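Please open the model in your viewer and keep the selection tool ready.

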Amino acid sequence: MKTVLKWIWRVFLGLVILLVGIFTAAAAIPQLADPAIDMENHGAGSSSVLPSFSGLERSFPASNEPADNPTTPEKVELGRLLFFDPVLSQNNDIACASCHHPDLGFADGRPTAAGPDGQPLGRNTPTLWNVAFAKNLFWDGRLDSLEAQSEFPLTHPDEMGVGDTRNLERELRAFPAYVSLFDGAFGGGEAALSLDNLEKALAAYERSLITRNSPFDRYAAGEFDALTPSQRRGLTLFRSGATRCFECHTAPTFASDTFRVVGVPSDDPGRAGVTADGVPGAFKVPTLRNIALTAPYMHNGSLESLADVVQFYADGGGHAHDLPGIDPFVNGFDLTEQEKEDLVAFLFALTDESSLPPPPAAVPSGLPVVSPRPNPARERAALVNVGDDRPDQDAREPRTLTVPAGGAIQPVVDRALAGDTVLIPYGVYHERVVIDRSDITIEGIPNEDGEFPIFDGQGVLPEGILSSGNNFKVGRLHFRHFTDNGVLVEGATGVHFYDIVAENTGVYGVYPVRSTDVLIERIEVFQVADAGIYAGQCVNVVVRDSVAYDNVIGIELENTLNGEIYNNHTYNNTTGIFVVILPQLSSKISAETKVYNNISTANNLDNFGRSGSVVSLLPPGVGILILGSDRNEVYENTIEGNKTSGVAVFSLTGTGVFDVNELDVGPLPEGNWIHDNRYQNNGFDPDQFVRDLGIPVGDVLWDGSGGGNRFDEPAGTTSFPPLLPSQDWPAFVRRAYGNILTVLIALVS
């Protein structure tokens, strides 16, 4: 008997030692973590210039100029000569300017580029205008260095075809002028003439190709008549919820360093041909600056005109060809023929060649420089861009302007100057109002019963109010029956929404995006197919004292930094409150939101989000959902009757809901603290999606991902996992538990 007890004790002791060893090892291993975020370049918030005439004036991003190649006039001039010199090609017959011709918007006017033998290549030649601001180069983003980019066409056999770059260096040294120019630009005598310095000079010249003085830029700076009426209407369409062009083509570059599947029929793998997790058929979003000069369009040059491009997107892009994986911003839209013409007219307003460097009359090699090329689009741009350059109205003291009874709102808004308030008497208005000036207040005058003036889109208009003005205030209004939004504010600094009712307004009720310092208060929103109250890619957002019900999402903060959501009531939505980070947006951060003193109850509504949208994949029955977002605090909320879970914390990829092949954001929820909430009757009938995960549910549901998450809830709170890491646990214990939990969940999933 003693022998048996001795062996039992030894086995028990061995198991304890083994468990301690496992725990110690787990504590010593760093938890899986997201890459660090560059807090100087996270991409959230407004980039508007302050002070400014309008929020449309935006700061350009930092140049892609590297520290080892500062731009100098000598480098730019050397690069200009090299750019136009055919000596850089194997047969001395092709220059950079042959394919990036200045008369053709630094493109080539062909559907796809042509090789030395004239045979078409696979892709359209992209413009070089504003390439200084691009982080990813080529249609598939294969390189991120403008210096390295030039080596590809120089050496590729289907382009300039230089086989041995040392031979090119020797050939250039035969021209004393080049030796002198390289020495003047870089120093070091003849040794300065190298492939590395050649690439640096070409990059310096290409960075000098800046366009920022188009009719649009002058309009944004205060020359109201720099755009024609048609172009102003087109600008409204461009940044409306109807077309959502602005979501991908973001001012001031009218580009983005993201990769999208728009669905141009093609066998080209796009981004998937560069990186293993790239999305098949995804291509970089190109700039629209000088787009009128660079026809034909798309990565394969398959669309001949801007009108064709507009029609392609109106038809739903690849949806019209039943292609899979189309970007959620490509949904199709209905425009009249006049509206299509207006949108194209606005795209012409992005034309500016005022800083176009002249081609050299001759190059040091003595080889012929490319001849001028006719471009009919230049003549058409001159005919379209006929706005005046009159200065804006003289400044005056702020006034209160009142819309006349039975009159239209927009003409009164157009007369408003900075500091003015536009009052709208009670009534029903069937119009969309656009505000571009800064420091404007739009406010309704309620009737005797306290009812707000009504903007009624009649199921046709995309939104009631669209604004880009800084320090914009709007309140005491009722919006209903719009197809996309009640109020959309894009790119502004200082936004205040107050005392607004939004009813059946399409995708969003109130919708500030890429804005800074946003206050949303006393909003009632219902019957919206995405988020009733939404703030996306913003910085410093407060949502308070509001009620959201009968929506897919009650309140959403997406890719937003520094938020507060408090004293709100969300009920009968699919998801009550949603804090999330999503990929392929300009903002790469979602963090630091406090969610407190809210009531989130019975958010069990069947999801009626638009097919193909991300939100349409959310399971019903969640009170508060943290998805991939970091360092948020959720506390002192009342969370009751949500059938799937009271609070859920998940990684972006761990849900299995989001089919994300290429992540450009950290997907893990990290450093979140969930504590002191009040729960009752959550998780009583979980959605099938959660049932398929095979895990028990309750008040708190965590997928185990992300380091530093803490849960300090009252006794009796039900959860998965049953044991949740606490604020009181030492960091090494939380780390060990997290690592062990990650392994266990991976084994059973």
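Begin by selecting Phe83, Phe84, Phe106, Trp129 and Tyr205, which form one aromatic cluster. Rings of Phe, Tyr and Trp (its six-membered ring) pair if their centres lie within 6.5 Å, with planes under 30 degrees apart counted as stacked, over 60 as edge-to-face and the rest as tilted; by this rule the count comes to 29 aromatic pairs.

This is a predicted model, in which local features need pLDDT of at least 70 and side-chain atom pairs count only at pLDDT 80 or more, while totals for chains, interfaces and linings use all residues. Residues are numbered from 1 along each chain as its sequence is written, and side-chain values use heavy atoms, leaving out hydrogens and water.

Next, select Arg142 and Phe152, where the charged end of Arg142 sits over the ring, 4.8 Å from its centre. A charge sits over a ring if NZ of Lys or CZ of Arg is within 6 Å of the ring centre and within 35 degrees of the ring normal. Then move to Arg271, which lies over the face of Phe259 at 4.3 Å from the ring centre.

Now select strand 21, residues 575–580 (strands are DSSP runs of E, at least two residues, numbered from the N terminus). Six of its six residues are buried, so strand 21 is largely enclosed by the rest of the structure; buried means under 20% relative accessible area with a 1.4 Å probe, protein chains only.

Notes: Buried < 20%, exposed > 50% of the residue type's maximum accessible area, 1.4 Å probe, protein only. Helix = DSSP H or I, 4+ residues; strand = E, 2+ residues; numbered from the N terminus.
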